[in-house]
Each structure stands twice: as structure tokens, then as C-alpha cells.
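Let's take a walk through a protein model, one stop at a time. Have the sequence and the 3D view open and follow along.

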Amino acid sequence: MSLRATIAVNYFGAAVTAVAPLLALPWYLTLLGGELFGLVAFMTTLQGTLNILDAGLSQALVREVAMRRGSHANSRPNELADLVLGTERLYWSAALVIAIALLLANGGLVNHWLQIDTDLEAAARTAVLGGIALFFLQLPGSLYRSVLVGTERQGLLNATLTTAMVARHLGGVL
């Protein structure tokens, strides 16, 4: 892919990622009302936590993947695969531990943090479970994003991100 096409694809992906939540926000507010909008705040908190946990590891992985991909002569044949596999284990393990902790705290999150009325408690628990599932899948997702960037597959990456972002917010509205 040419440099211009790569830049264009990256800008398009960034634009969809930025605009999709803004377009969905009015429906979220209308459908949820003020009380249940705390669920959106919970999802935003999980997203922020995800970014903090990543703490630059995915950016370091981009660099390492790109360097190992570019230096075939000085590396072992499976070095890149070993790097990705080791990092993959770390990401999935961390995601699993955090998801289990959040599942154990689900009742407290709904009752004390979100302060949901009892008639909406079942729906709120389901929404929190959905948020936990998204978190569980998104944390390791940053690993795969880094590998795609490091191997210069921005077209595939942005097509995937755009589809996921539209599906995420369309699903949220539905």
C-alpha cells in the first residue's frame, strides 16, 4: 500500500472512531435517561482503565514487530512469532484476571456505584456484563492492533476498527 493510501486509511479510521460515539450519544441519552446514563460512564471508565493498563506496551510492540520484520538476516526464524505469542499470553491473562474481578464485583457495581433502582437492576447487571465482555476482548485486541501496525497492514486494521466501532455503537443504540 502506498504512503498516501496508508495515511488516508488511517485518517478515515480515526475519523470514524471519533465521530461514531458522538453520533450515538443523543440516542443513548434519550433511551437511557439520566439515571441509566451511569452505564455509559461505567463503559467509559472501563475504556480509560484499558488505556492505562496498556501503558505503552502496545506501542513498544509495534516497534519490536516492525524491527524484527525488517531485520530478517539477524534474527531467528521464529523470533517474531515467539514475541507475539508471549505478549499474547500476557494480554489474555491480564484480561481474564480483570474480567473475573469485575464479575465478582458486578453486584456492588450495580448497587453502589451505579445506584440503579431495583426495577432496572436486572437490565443494569446485563449491561455491566456486556461491558465486562467488551473489556475482556478489547484488552487483547490492542495486541493484535499493534501487530497489524507493525506489519504495515493499516488497511485491514482500519477496516476492522471501522466495522467494530459502527457495530459497537449501533448495537448500543439497538
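Predicted model: local features only at pLDDT ≥ 70, side-chain atom pairs only at ≥ 80, totals over all residues.

Start at Thr151, which sits in the loop between H6 and helix H7 (154-173). Helices here are DSSP runs of H or I with at least four residues, strands are runs of E with at least two, and both are numbered from the N terminus. Is Thr151 buried or exposed? With a relative accessible area of 18%, Thr151 is buried. The cut-offs go like this: buried means under 20% relative accessible area, exposed means over 50%, and partly exposed is what lies in between, using a 1.4 Å probe and protein chains only. Leaving aside neighbours within four places in sequence, Thr151 is in contact with Val65 and Arg69. Contact here means heavy atoms within 4.5 Å.

Before going on, a word on where all this comes from. Residues are numbered from 1 along each chain as its sequence is written, and side-chain values use heavy atoms, with hydrogens and water left out.

Now zoom out to the whole chain. How many helices and strands does the chain have? The count is seven helices and zero strands, so reading from the N terminus you get α-α-α-α-α-α-α. The C-alpha trace spans about 65 × 35 × 20 Å along its principal axes. Of the 174 residues in the chain, 29% count as buried. Look at contacts between residues at least 6 apart in sequence, and 74% of them join residues at least 24 apart.

What about the surface? The chain's accessible surface comes to about 10600 Å², and 68% of that belongs to carbon and sulfur atoms. These areas come from the Shrake-Rupley method with a 1.4 Å probe, and for residues only the protein chains shown count as cover.

Next, find Thr87 in helix H4. Thr87 counts as buried, at 11% relative accessibility. Setting aside neighbours within four places in sequence, Thr87 is in contact with Leu61 and Leu143. Arg89 is in helix H4 too, but Arg89 is exposed, with a relative accessible area of 56%. Now look from Arg89 to Pro140: they are 51 residues apart along the chain, and their C-alpha atoms are separated by 9.1 Å.

The structure holds one aromatic pair. The rings of Trp92 and Phe136 have their centres 5.2 Å apart and their planes at 65 degrees, so this pair is edge-to-face. For the rule behind that, rings of Phe, Tyr and Trp (its six-membered ring) pair if their centres lie within 6.5 Å; planes under 30 degrees apart count as stacked, over 60 as edge-to-face, and the rest as tilted. The pair links distant parts of the chain, with Trp92 in helix H4 (residues 79-104) and Phe136 in helix H6 (residues 121-150), 44 residues apart. Trp92 is partly exposed at 29% relative accessible area, and Phe136 is partly exposed at 24%.

Time for charges. The chain has 10 positive and 10 negative side chains, and the centres of the two sets lie 14 Å apart. Lys and Arg count as positive, Asp and Glu as negative, while His and the chain ends are not counted. Each charge is placed at NZ of Lys, CZ of Arg, CG of Asp or CD of Glu. Side chains of opposite charge can pair when their charged atoms come close. How many salt bridges does the structure hold? There is one salt bridge (a side-chain nitrogen of Lys or Arg within 4 Å of a carboxyl oxygen of Asp or Glu). Glu64 forms it with Arg63, and the closest N and O atoms are 2.9 Å apart. Glu64 is partly exposed at 25% relative accessibility, and Arg63 is partly exposed at 48%.

Two last stops. Tyr28, in helix H1 (residues 3-36), is buried, with a relative accessible area of 13%. Tyr28 and His169 are 141 residues apart along the chain, yet their C-alpha atoms are separated by 9.4 Å. Finally, Asn111 is in helix H5 (residues 106-113) and is partly exposed, with a relative accessible area of 34%. Not counting residues up to four places away in sequence, Asn111 touches Glu121 and Arg125.
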